[in-house]
Amino acid sequence: MGGQAPSATDTRDGSTRSGWRVQRELGIDYLASADRTCLPGQPVYAERGEDGGHLVVFEVGAHKWIPQRSECCTLWLDSSSRPVYDTRTHGIRDGFGVLNGSAGIAVVRRTTWELLIVEHDGNVADIIDLSPFSKHVPRVLARADDGTFLVALLTDLFQMDLIELDGEGRLLWYCSGIDARVGYPSSIQKTASGNILLADEFCHQVVEIDREGKVVWRFGETGNPGMKAGLIAGPRSARELAPGTRLVTDSRNNRLLSTRGTAVDETVRTPLPLCGPSFADRLPNGNTLICDSGNDWVFELDGSGSVVWQLGEPVAKRRSLSFPRSAQLTPGGTLLVADTANDRIVEFTADGREASVLPAEQDLFWPRCARNLPGDTFLLADSRQSRVVEVDRKGRLLRELSQVREGDEIVMLSDPHDVRGIANDELLIVDSPLNVVLATHWDGTVSWSLRHACGTELRDPHSAQQLEDGRVLVSDTGNHRVVIADPVTGQGIELTSFVEGAERLRFHHPRYAEMTDDGVLVIVDAGNNRVLAGTPDGVLLWQIAEVAGSPLPSLAQPRWLELRGSNEIYVVDHRQHRIVHFVR
C-alpha cells in the first residue's frame, strides 16, 4: 500500500480495487460552504485581547486514540486576524498558550516541562522549568487576573497536581490531594475568591475547590453523564462570570449552559447547533467567545447573537444524531439506530429520511444498542439504566432484565453494550464493565458466561456474535483483539491484526466485529478510525478509512457496522454523529 491507507474509493482486495464509494450520509446536513482545511486542529481554548486580537489553542491529531496525546499548537492573531505568533513555525508542536497581559503570551510545553514567556516579536524572554514542581505532565495552562499562572499536570486519570506560579516562576501554591474524584481537568480557572474551578471531562462534573483541595461547589454528578436536570456529559470548560454564576460547555450534550448555583440559568443560543463545544467565555464587552470543536470553528457572538468574529467555517447546519452507537437494517428496509446521547431510538427510510422515533414509557438513558426482533419488537441495551429491555413500537415495555443468576450467585448488569436474540429465546449480552459475554434466558438463568478467552481475561468487550458452529466472536476492545472462542472452555483463536503482504495492520480498540455468511471477518477498528475486512486466519481483504467527497473526509472513532450482502455497508461514525452508507 506504499504507506498510504486506501480510502473508501481506493481500497483493495489483494491487488484488485474493491471500489467502495459513499452512497449517502445519514443524520447530518452540511452547509454549502463547509470547509475544514483552514484550521490546524480542533480548537479547545480561545481568548480575546484588549487590542482586539485573539489567541486560539488547537489539539492536533485529535483523531488519534492515544492517551495523554501531547500534540498541540497555539495561534496568536492581531485584530485583523493576521498571525502574530504560531508555535508551529518555531518548532513547538506541544504548546498550550494563554495571553500574558501586555507582555505577550505564555506557552506551556507538554513534552519538555517548560513554561515559555513569549514577547510580541516572538522572542522567548524567559523559560521556566516546571520539572521541579511535579512528576506529572503539564497539560493545561491558565493566567489569573492578578498575573499568576495556574498549571494542571497529570500523567493518567486521577493522577494530578495543580500548581500556581508567579511571573518569575516562583511556586506560590501546590495541591496534589483533591477531596473528590477528579479524573481529567480540561480547563482550570482561579475564581474571584481565590478558589480553583475545574471542568472534569472524564467524570462529567465541574468542581470548585478551595486551597486545601476540598470541594466547595459541584455541578453534575460524579461519573454519571446525562442531559436530565442536574446532569452534564463530558464538560470541557467552565468559567466563573461573577460570584455564583458560571458558563459551562456541556460538550457531549452539544450545549452551552449558564448556571447560577447548581441550577441552569439558561442554555446559550447560537446561530448554528453546537457540536462538542470545547470552550466558552464571556468577554468584558459582553460578547461570548466559543470554540465549537466538532465543527472546527471559533466564533464570537455579540449580545444580539450575531457573529462578529470567526476563525474557520462551520461544517453542518443540522445534526439529528448525537454519538450514535449501533445500526441495524430491519426486514421493512429501514435502518434502526441507537441515537445514544439523545437517549432515543430512531429509524431512517431507505432513501435516508428520518422516519420515526421510538417512544418509551420508561425513559431510555444512553441506549448503546437497538435490534429488531421477529414480531416487530425492539431489543435494547439501555446501558446507563443497567438493563436490557424489549419494547413494542408504541414504546410499551414487554420484558426487562437487570440481573442474572449464575449458579447461586446473583449478578447485576452494569452497562450492557451489545445484546442479541439467539436460539431458544435467549439473549447474548456483552457487559463491558463486568468484562463478560453471557447467554441468558429472560428469567435471568445463565446458560454460559465467557470471561476468559485464549488464555487471557476479557477486558472491556464491546460486541459478540454467536456463530453457526456455536463459537462466539467477541471484540475484546481493551485487549486490542478479536477472539473466536468456545463459550464454555474459552479455547479458540485470537486476532490482533490483519496482514497484507509485508504490512501488518494492528487493531487498536476494536469496538465491533461481525462474521459474514461467506466467512469474511469485518472489524470496526475504532482506535485507528477505520473498518477492516479479512479472513479468519488474518489476511486483509479490504479497508475503509476515508469518506471521499465529504466535508468530513475521514472516519472518526467509528463504533458499529451493518452489512447488507457483500457490496453494501453502513458505518456508525460515532464521533462525527453520522451514519455513512458505502456501496460498491
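Predicted model: local features only at pLDDT ≥ 70, side-chain atom pairs only at ≥ 80, totals over all residues.
Trainee: Where is D343 found?

Mentor: The strand β31 covers 335–339, and β32 covers 344–348. D343 is found in the loop between β31 and β32.

Trainee: Is D343 buried or exposed?

Mentor: Buried means under 20% relative accessible area. D343 has a relative accessible area of 18%, so D343 is buried.

Trainee: Which backbone nitrogen does the side chain of D343 reach?

Mentor: Leaving aside residues up to four places away in sequence, D343 touches L364, F365, W366 and P367. The side chain of D343 comes to 2.7 Å from a backbone nitrogen, and a polar contact needs N or O atoms within 3.5 Å. The nitrogen belongs to W366.

Trainee: How far apart are the C-alpha atoms of D343 and A485?

Mentor: Along the chain, D343 and A485 are 142 residues apart.

Trainee: How many disulfides does the count come to?

Mentor: A disulfide needs two cysteine sulfur atoms within 2.5 Å. By this rule the count is zero.

Trainee: Why is C203 in no disulfide, and how far away is the nearest cysteine sulfur?

Mentor: C203 counts as buried, at 4% relative accessibility. The cysteine sulfur nearest to C203 is that of C175, and a disulfide would need the pair within 2.5 Å, so C203 is in no disulfide. The distance to the sulfur of C175 is 16 Å.

Trainee: Which cysteine has the sulfur nearest to C275?

Mentor: C275 is buried too, at 3% relative accessibility. C275 is in no disulfide, and the nearest cysteine sulfur is 14 Å away. That sulfur belongs to C291.

Trainee: Which residues are closest to the centre of the second largest pocket?

Mentor: The second largest pocket holds about 1100 Å³ of space. Its lining is made up of 36 residues. Those closest to the centre are E47, R48, D145, D281 and P284.

Trainee: How many charged residues are in the lining of the second largest pocket?

Mentor: Strands that each supply at least two lining residues include β5 (42–48) and β25 (277–282). By class, the lining has 14 nonpolar and ten polar residues. The number of charged residues is twelve.

Trainee: What is the relative accessible area of R239?

Mentor: R239 lies in strand β21. R239 is buried, and its relative accessible area is 11%.

Terms used:
Residues numbered from 1 in each chain as written. Heavy atoms only, no water. Helix = DSSP H or I, 4+ residues; strand = E, 2+ residues; numbered from the N terminus. Buried < 20%, exposed > 50% of the residue type's maximum accessible area, 1.4 Å probe, protein only. Contact = heavy atoms within 4.5 Å. Polar contact = N/O pair within 3.5 Å; in protein donor to acceptor, adjacent residues only side chain to side chain. 1 Å grid on protein atoms, 1.4 Å probe; cavity = no way out; pocket = protein on both sides within 12 Å on 5 of 7 lines; lining within 4 Å. Points joined across faces, edges and corners; volume = space filled by probe spheres on them. Nonpolar A, V, L, I, M, F, W, Y, C, P; charged D, E, K, R; others polar.
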